[in-house]
Amino acid sequence: MKILILPDAEAAADRVAGLIAARLRQAPATVLGLATGGTMEAVYARLIAAHRAGTLSFARARSFNLDEYVGVAPDHPCSYWRYMREQLFDHVDMAPGACLLPRGDAADPAAEAAGYEAAIAAAGGIGLQLLGLGANGHIGFNEPTSSLSSLTRIKTLTPSTRAANARFFDRPEDVPRMAITMGIGTILNADEVLLLAYGEGKAAAAAAMIEGPLSASCPASALQMHRKAVVVLDEAAASRLTLRDYFDCVHPGGREAEI
Ligand code: F6R
């Protein structure tokens, strides 16, 4: 795992957006794995700015999002499809049909999940997977005790995850109880993963992910098994790392290692 610690959330988002942009410039036909949530809004804003400045194109890229709520149609105001349109898709040049999310309103959600996993494989797999981090250590909606080799499937959300996402809904009770999510195995199959977390609320999960035992109790700890995982944190999210001195020594100020 490469651990990059930036001074604040703005710098961390800059860094992640920069890494995504660099990958797209080097490999324009990259298959992106995308995430939703509050953390990603600053990243997408930066990608849109780069696109508007004429320095970044998504025209040859494709994307698969991590997850969608079960029972929520794409045109629902709280759907992740709507989030992605508002935060990214409507503002960049991705080709029509190139951006996929699981259909939350599928008549058979289990079949939808299996079909989604097959579609990722048919696209050649995810090239770069973007991830946020749940305060409980989840990635995607793989809640604690998720199988570390799971594929796309239906997961029941924990009360803490529903509470954390209640801000996107009119009433807390409107937050769906289940989601279709890529599995941890799906995420580990990506060529490269890039996780961003900021704020004190993510510090315990970040420490468990990076320094804790490999355990389904912290699903993000599965990234310890990935060959090319980059974790970008701000100071607050890094505040509980005990190996902080080492990470600073390898990547001072979050810069690339000098050989
Ligand atoms: C979003 C997702 C989640 C979020 C995580 C952090 O598609 O799969 O894992 O990345 O819950 O959410 P925020 O960024 O809102 O703190």
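Visitor: How does the radius of gyration compare with that of a compact globule of 259 residues?

Guide: This is a predicted model. A compact globule of 259 residues would have a radius of gyration near 18 Å, and the protein has 17 Å, which agrees. Along its principal axes, the C-alpha trace spans about 50 × 40 × 35 Å.

Visitor: How many helices and strands does the protein have?

Guide: There are eight helices and ten strands.

Visitor: What share of the residues is buried?

Guide: Buried residues make up 52% of the 259. As for the surface, the protein exposes about 11200 Å². Carbon and sulfur atoms supply 55% of that area.

Visitor: And the contacts? What part comes from residues 24 or more positions apart?

Guide: Take the contacts with a separation of 6 or more. Residues 24 or more positions apart account for 79% of them.

Visitor: Now helix packing. What describes two packed helices?

Guide: Two numbers do: the angle between the axes and the distance between them. Here, look at α2 (residues 38-52) and α3 (residues 80-87). Their axes come within 10 Å and cross at roughly 40°. That angle makes α2 oblique to α3.

Visitor: Which residues make the contact?

Guide: From α2, M40, E41, Y44 and I48. From α3, Y83, M84 and Q87. By class, the residues of this contact divide into five nonpolar, one polar and one charged.

Visitor: Let us turn to S79. Where does S79 lie, and is S79 buried or exposed?

Guide: S79 lies in the loop between β4 (67-69) and α3. The cut-off for buried is under 20% relative accessible area. S79 has 1% relative accessibility, so S79 counts as buried.

Visitor: What does S79 touch?

Guide: Leave out residues up to four places away in sequence. S79 then touches E68, V72, A73 and P74.

Visitor: How far apart are S79 and E143?

Guide: In sequence, 64 residues. In space, S79 and E143 are 19 Å apart, C-alpha to C-alpha.

Visitor: Where is T145 found, and is T145 buried or exposed?

Guide: T145 is found in the loop between β6 (128-131) and β7 (153-156). The cut-off for exposed is over 50%. At 63% relative accessibility, T145 therefore counts as exposed.

Conventions. Residues numbered from 1 in each chain as written. Predicted model: local features only at pLDDT ≥ 70, side-chain atom pairs only at ≥ 80, totals over all residues. Heavy atoms only, no water. Axes fitted to C-alpha atoms, helices over the stretch in contact; angles between N-to-C directions. Helix = DSSP H or I, 4+ residues; strand = E, 2+ residues; numbered from the N terminus. Parallel < 35°, antiparallel > 145°, perpendicular 65-115°, else oblique. Contact = heavy atoms within 4.5 Å. Nonpolar A, V, L, I, M, F, W, Y, C, P; charged D, E, K, R; others polar. Rg over C-alpha atoms; globule rule 2.2 N^0.38 Å. Buried < 20%, exposed > 50% of the residue type's maximum accessible area, 1.4 Å probe, protein only. Areas by Shrake-Rupley, 256 points an atom, 1.4 Å probe, with all protein chains shown as cover.
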